[in-house]
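Please look through the sequence and the model below before reading on.

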Amino acid sequence: VESDKFNELISFRMIQYKDKTDKLDPDMEVSLKMGSLHFIFLNFFIQNLLHVLDTFSNTKEKMVEASIETAKLAQESSTSTLILLSVEVESPVVKIPRASNSTEGYKVKLGNICLKNAFRLTDQETIQDKMDIQI
């Protein structure tokens, strides 16, 4: 693990606010900073992992159905929770060896990822969530 920007691998902070003075004040604030992770891509391992995950395909379908039902219930609810997000992930690095026993190969940096959101009031007095994603 390397980090040019952060002193820690992961820094996670979550704050839940109890008293809102304004309609646009968040109910919760979530902040995540993550240093650069290094992965070594081994095709044999990935194929075995995909085989294991494939056995859970029924579970995946049921989770999708449950997510759709939860989304419908959330739309029917008159109140919503405002969560202010701040996520910074330093560039993950994937190393792809020529062969499983080789020290030579390719090194791919996937780039830094930054995600933040903000809330604003529209003309119809509804709250709009603006998401800013930088890759």
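## Strands in a predicted model

A strand here is a DSSP run of E with at least two residues, and strands are numbered from the N terminus. The model is a predicted one, and residues are numbered from 1 along each chain as its sequence is written.

## The five-stranded sheet

Five strands form an open sheet in the order β1-β2-β4-β7-β8, and the pairing within this sheet is mixed. Its edge strands are β1 (10-16) and β8 (127-134), each of which pairs on one side only. Neighbouring strands of this sheet are turned by 10 degrees against each other on average, with direction ignored.

Strand β7 (residues 113-121) is joined to β8 by eight bridges in the antiparallel sense, and L115 has I133 in β8 as its bridge partner.

## Serine 86

S86 is found in strand β4, which covers residues 83-89. Because its relative accessibility is 19%, and buried means under 20%, S86 counts as buried.

Leaving aside residues up to four places away in sequence, S86 touches V30, S31, L32, L115 and K116. With K116 there is also a polar contact of 3.4 Å, which joins the side chains of S86 and K116.

## Pairing around β5

Strand β5 (residues 93-97) pairs with strand β3 (residues 38-40) in the parallel sense over three bridges, and V94 in β5 is the bridge partner of F39. The pairing of β5 with strand β6 (residues 105-109), by contrast, is antiparallel and runs over five bridges, with Y106 in β6 as the bridge partner of I96.

Technical notes
This is a predicted model: local features need pLDDT of at least 70, side-chain atom pairs count only at pLDDT 80 or more; totals for chains, interfaces and linings use all residues. Side-chain values use heavy atoms; hydrogens and water are left out. Two strands pair if DSSP finds at least two bridges between them. Helices (H or I, at least four residues) and strands (E, at least two) are DSSP runs, numbered from the N terminus. Buried means under 20% relative accessible area, exposed over 50%, partly exposed in between (1.4 Å probe, protein chains only). A polar contact is a pair of N or O atoms within 3.5 Å; within protein, one must be able to donate a hydrogen and the other to accept it, and residues adjacent in sequence count only if both atoms are side-chain atoms. Contact means heavy atoms within 4.5 Å. Axes are lines fitted to C-alpha atoms, for helices over the stretch in contact, and angles run from 0 to 180 degrees between N-to-C directions.
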